[in-house]
Amino acid sequence: MKQAKIDTSNYRDHLSNVTETGKRIWIYPRIVIGNFYKLRTYFSWLLLGLLFGLPLLEVDGHPVFLFNVIERKFIFWGVTFFPQDFHLVAIGLLTFIVFVILFTVIFGRIWCGWACPQTIFMEMLFRKVEVLIEGDHNAQRRLDNEPWTTEKIWKKTLKHSIFVLLSFLIANTFLAYIIGKRELFSIILDNPLEHLVGLFAIIIFTAVFYFVFARFRELVCIVVCPYGRLQGVMLDKKSIVVAYDFLRGEPRGKKQTPEEKEKASVVHGSCIDCKICVQVCPTGIDIRNGTQLECIGCTACIDACDEVMDKISEPRGLIRYASQEGIEQKTKLKFNLRIASYSFVLVALLSVLAYLLLTRNIVETTILRAPGLTYQENKNGTVSNLYNVQVLNKSYQTMPIQLKINQQNAQIKMIGKAIIVQPGEVAESSFFIEIPNKSLTDGSVKVEIEVISEGKVIDHVKTKFLGPIL
């Protein structure tokens with residue numbers, strides 16, 4: 001079946017990969033291996049190595065990263081977070097939102113083209129497999145238009161089999177971030193009937209990833225991704241984006257010799273209207289129409305245009321990283337005060353978040369007076385209050401806990417055994433605080449209790465001590 005051509009006119013009125021009747025146009029991106037493509041490839045290898053390798057790394061027998069939503073247990077760079085750390089999560093989320101907004105205002109959609117897992121998997125894994133098996137964009141188009149021959153069946157079967165295997169690998173990797181590698185290996189190696197829930201999760205994840213990278217593809221970026229949808233309201237004329245220099249490129253037409261330019265009524269710009277920049281775009285847009293919602297900033301059009309400029313002996317940079325204001329004012333991209341100020345704010349936000357994470361207590365102690373009880377006056381001339389204590393151990397080591405009160409003539413008397421908290425667990429106990437009656441100057445006194453483990457103060461807790469009103 002003959003494929004419809006991508007319509008780059010009236011681009012504001014409809015999507016470039018959809019016909020007027022709403023039928024999807026399958027995109028066959030042309031691959032041009034230029035400087036940016038090579039850099040993206042190397043960077044993708046680094047990110048893929050981290051993505052697949054981090055679930056295998058452990059600190060003190062625990063994963064470096066874990067996002068166990070079911071058990072509400074989260075580990076970030078080896079640090080365990082519990083529901084009691086929700087304030088850090090909230091601050092981190094706010095920091096992340098502000099970071100995304102400021103980052104996009106400065107650098108546009110550079111995340112999407114260089115670091116987004118969707119782009120990396122699609123362009124650096126699945127697309128490469130497709131090109132290796134079916135050939136370049138023209139060969140893929142011809143193969144899809146051909147009847148089902150033995151060659152076509154073989155190529156399609158091989159390609160989609162590899163797609164399923166890659167999807168299975170990605171699904172297992174993402175599941176390892178949720179449940180940990182040990183649980184994942186148990187699901188894989190043990191009797192499947194003993195891990196039906198985990199096995200079902202792997203199958204669902206595999207099916208979703210296969211659908212996304214085999215069929216849905218660029219629609220994730222155009223239709224589904226919320227960041228892509230918000231991009232249009234976060235950019236301004238000073239944002240750095242992949243842009244076409246319309247002042248230099250227009251009007252379009254074939255390259256003219258100096259003699260032809262002298263005789264011509266219209267002198268053509270640098271753009272020879274080869275449309276290769278459209279052919280390489282994974283979302284099917286024409287970058288020459290300006291910044292568009294569908295642009296993911298992958299730089300494929302920059303590489304393609306630079307290659308064409310080299311062939312026609314024109315300077316590179318007709319399509320380049322630039323701002324609309326920079327193109328209109330014919331100024332080069334440079335590190336200015338605006339970029340420096342925004343970058344400073346980004347670094348400050350990340351620094352605050354890092355400080356909060358690094359200074360987080362390894363225990364969370366809660367001390368409350370026993371409900372329904374008031375103070376007790378003892379025969380030895382002291383007043384006592386009963387308290388309940390809960391200690392959450394956020395570390396990976398067993399912690400013996402002692403309590404010490406910072407109050408003259410006051411003492412703590414524990415009820416029951418000494419407090420020993422296992423890693424990731426909560427220990428509960430009760431104790432009395434006794435203070436001589438003559439040391440009380442008010443009916444309610446604030447006291448501070450030190451939480452000590454192996455001779456080191458690891459937390460401070462303030463509470464109230466009630467006594468008779470003098």
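How many nonpolar, polar and charged residues does the lining of the largest cavity have, by class? I counted nine nonpolar, no polar and four charged residues there. Ala, Val, Leu, Ile, Met, Phe, Trp, Tyr, Cys and Pro count as nonpolar, Asp, Glu, Lys and Arg as charged, and the others, Gly among them, as polar.

A note on sources. This is a predicted model, where local features need pLDDT of at least 70 and side-chain atom pairs count only at pLDDT 80 or more, while totals for chains, interfaces and linings use all residues. Residues are numbered from 1 along each chain as its sequence is written, and side-chain values use heavy atoms, with hydrogens and water left out.

Cavities. I searched the whole structure and found seven cavities of 30 Å³ or more. A cavity is a set of points on a 1 Å grid over the protein atoms alone where a 1.4 Å probe fits but cannot get out; lining residues have an atom within 4 Å of a point. Volume is the space filled by probe spheres set on the points, which are joined across faces, edges and corners.

The largest cavity holds about 120 Å³. It is lined by 13 residues, and Tyr37, Arg40, Glu123, Val280 and Ala300 are the closest to its centre. α1 (35–53), α4 (117–134) and α14 (300–311) each give two or more residues to this lining. Helices (H or I, at least four residues) and strands (E, at least two) are DSSP runs, numbered from the N terminus.

I went on to the second largest cavity, of about 110 Å³. Among its 15 lining residues, Cys271, Cys274, Cys277, Cys305 and Ile319 lie nearest the centre. α14 gives the most to this lining, with four residues.

Cores. A nonpolar core is a set of buried Ala, Val, Leu, Ile, Met, Phe, Trp, Tyr and Cys residues joined through side-chain atoms within 4.5 Å. The largest has 35 residues; Val242, Val280, Ile287, Cys301 and Ile319 touch the most other members. α14 gives the most here, with seven residues. Another core, of 26 residues, lies apart from it and includes Ile367 and Phe431.

I found Ser270 in the loop between α12 (258–263) and α13 (276–279). Ser270 counts as buried because its relative accessibility is 9%; buried means under 20% relative accessible area, exposed over 50%, partly exposed in between (1.4 Å probe, protein chains only). Leaving out residues up to four places away in sequence, Ser270 touches Arg248, Gly249, Met309, Ile312, Glu314 and Leu318. Contact means heavy atoms within 4.5 Å.

Note on methods: 1 Å grid on protein atoms, 1.4 Å probe; cavity = no way out; pocket = protein on both sides within 12 Å on 5 of 7 lines; lining within 4 Å.
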